[in-house]
Amino acid sequence: MNIYENIIIFNAALSDEDIETAASKIKDIITGSGGEILKADNWGRRKLAFEIKKQKKGLYMLLLFRLDPSVVKKLESHYKVTDSVIKFMVVRLGKKALAAGVARTETSSAAAPVAAEQKSEE
């Protein structure tokens with residue numbers, strides 16, 4: 001199994017519940033096919049660099065997962081027929097990118113409790 005990084009841009013006009021439903025369906029496809037979600041990060045609504053499908057804003061989501069390569073095509077075909085997804089990109093991570101991503105994840109997760117403690121002290 002390979003490790004993939006997936007960026008999804010959802011239609012920002014949708015409600016949070018609709019986006020959560022679409023995201024959970026994507027996660028179900030991954031886990032139902034024997035994959036494992038390593039990280040799921042919602043980046044929120046942001047202005048797009050250029051209009052995509054007549055949309056100026058989108059909700060960005062990052063998924064990092066381990067999955068069999070044959071299932072990635074199934075996932076991409078799901079994105080193509082889902083109206084809530086404006087754009088997507090799935091990239092297989094190499095050894096160097098994976099090591100950098102793991103180091104970055106460990107640094108951010110280690111910094112989070114420290115930042116939370118500092119905020120509570122103020």
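**Entry 1, strands.** A reminder to myself: this is a predicted model. I began with β2 (residues 36-52) and found it paired with β3 in the antiparallel sense, over eleven bridges. I picked Lys-47 to follow across, and its bridge partner in β3 is Lys-57. Then I checked the turn: the hairpin of β2 and β3 has two residues between the strands, and Lys-53 takes a positive phi there, near 50 degrees.

Which residues have the most contacts inside the largest nonpolar core? I got Phe-10, Ile-26 and Phe-65, in a core of 20 residues. I then asked where the core residues come from, and β1 (2-11), α1 (16-32), β3 (55-67), α2 (69-81) and β4 (85-92) each supply at least two. The largest share, six residues, is from α1. Another core lies apart from this one; it has five residues, including Ile-9, Leu-48, Ile-52 and Tyr-60.

I listed the neighbours of Ile-26, leaving out residues up to four places away in sequence. Ile-26 touches Ile-8, Phe-10 and Leu-63, and also Leu-75, His-78 and Tyr-79.

On the α1 side I noted Lys-25, Ile-26, Ile-29 and Ile-30; they meet Lys-74, Leu-75, His-78 and Tyr-79 in α2. The two helices pack at an angle of about 160 degrees, and their axes are 10 Å apart. Angles over 145 degrees count as roughly antiparallel, so that is how α1 and α2 run relative to each other.

How values were computed
Residues numbered from 1 in each chain as written. Predicted model: local features only at pLDDT ≥ 70, side-chain atom pairs only at ≥ 80, totals over all residues. Heavy atoms only, no water. Core = buried A, V, L, I, M, F, W, Y, C linked by side-chain atoms within 4.5 Å. Buried < 20%, exposed > 50% of the residue type's maximum accessible area, 1.4 Å probe, protein only. Helix = DSSP H or I, 4+ residues; strand = E, 2+ residues; numbered from the N terminus. Contact = heavy atoms within 4.5 Å. Pairing = 2+ DSSP bridges. Axes fitted to C-alpha atoms, helices over the stretch in contact; angles between N-to-C directions. Parallel < 35°, antiparallel > 145°, perpendicular 65-115°, else oblique.
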